[in-house]
Amino acid sequence: MATNCTHDCSTCASNCGSREKTSLIKAPHSGSSIKRVIAVASGKGGVGKSLVTSLLAVRAQKMGYRTAILDADITGPSSMKAFGVKEHAMGSEDGILPIRTAEGIKMISMNALLDREDDPVIWRGSLIAGAALQFWTDVIWGDVDIMFIDMPPGTGDVPLSVFQSIPLSGAVIVSTPQDLVEMIVKKAVNMAEMMKVPLLGIVENMSYFICPGCGSTFEIFGPSKAEELKETFGAAACARIPVDPDLTRLVNEGRIGEADTGCLAAVFRAVETSRPINS
Ligand code: ADP
């Protein structure tokens, strides 16, 4: 691979071994310089993928990394709401400018382009995938140390085309305990594996509940499988997030920037030491 590889084979004469595999990879906007790109994916919707994306981004920004969220969940965008951002993205002939959260996280989401946040996006899969990719190719991201992509849920053609087209440092897979025993998680892990994307973390969301009255811990959806799955799938790290009414409240009030992100420390270490996309 060329030392200055941009993963855009259409602009490169070198006939290296990765040409075939990376031929679908698209280059970001010329005004973007992005070091690491992390896909946050799940086998199905509603398991907390957006929450985990937000928490990882909050942790990164607090640690001094220039952080961005690309909300590729086109039909169910929730990043802006979690951060309480209502701005519209501005554009020029050159491209689209990302909006910023109060913490300084750069962000683009379908809601930043719609007239009203409750307008539905009624598009076919190819258009949805196209919009997610345009967030990569047409947004002028500037300098970013770590970008988190809130992936479209599931393992269908839309997430697949994002996995194939954006160079990734690694993937974090989110699930809940009852899913973890199902094939759904394995499908998401397999998708990352097929794309040769390193598996940085398995996050078991809604893993337990701490009773505010007595302080006891309840594994309401069954015993944790996080550690076992980390070993089985060879993930670099795993994490458990409790069912926490405070998290729900912070998301609903647009104040996720205030959340405690300590439970994601091990997964975040894998994120910050993942391979840069141009290596
Ligand atoms: P996904 O992106 O997988 O569709 P979300 O992150 O949007 O899922 O989560 C779905 C809903 O569940 C949101 O309202 C979110 O705030 C809530 N939620 C997710 N995880 C937790 C948790 N651990 N504790 C409390 N509420 C949660």
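This is a predicted model: local features need pLDDT of at least 70, side-chain atom pairs count only at pLDDT 80 or more; totals for chains, interfaces and linings use all residues.
Local features need pLDDT of at least 70 and side-chain atom pairs count only at pLDDT 80 or more, whereas totals for chains, interfaces and linings use all residues. Residues are numbered from 1 along each chain as its sequence is written, and side-chain values use heavy atoms, with hydrogens and water left out.

**Strand β1**

- Nine of the 11 residues of strand β1 (residues 32-42) are buried, so this strand is largely enclosed by the rest of the structure; buried means under 20% relative accessible area with a 1.4 Å probe, protein chains only, and strands are DSSP runs (E, at least two residues) numbered from the N terminus.
- Strand β1 runs parallel to strand β5 (residues 142-150), to which eight bridges join it, and here Ala39 stands opposite Ile149.
- Strand β6 (residues 170-175) is also parallel to β1 and is joined to it by five bridges, with Ala41 standing opposite Ile173.

**Ligand surroundings**

- Of the 16 residues around the ligand (a heavy atom within 4 Å), those that come nearest are Gly46, Lys49, Ser50, Asn205 and Pro242.
- Oxygen atoms of the ligand lie 2.8 Å from a polar backbone atom of Gly46 and 2.9 Å from a backbone N or O atom of Leu51, while a nitrogen atom of the ligand is 3.0 Å from a polar backbone atom of Asp244.
- The protein covers 78% of the 560 Å² of accessible area that the ligand has on its own, areas being computed by the Shrake-Rupley method with a 1.4 Å probe.
- Helices α1 (49-62) and α8 (245-252), DSSP runs of H or I with at least four residues, each supply at least two residues of the shell around the ligand.

Terms used
Buried means under 20% relative accessible area, exposed over 50%, partly exposed in between (1.4 Å probe, protein chains only). Two strands pair if DSSP finds at least two bridges between them. A polar contact is a pair of N or O atoms within 3.5 Å; within protein, one must be able to donate a hydrogen and the other to accept it, and residues adjacent in sequence count only if both atoms are side-chain atoms.
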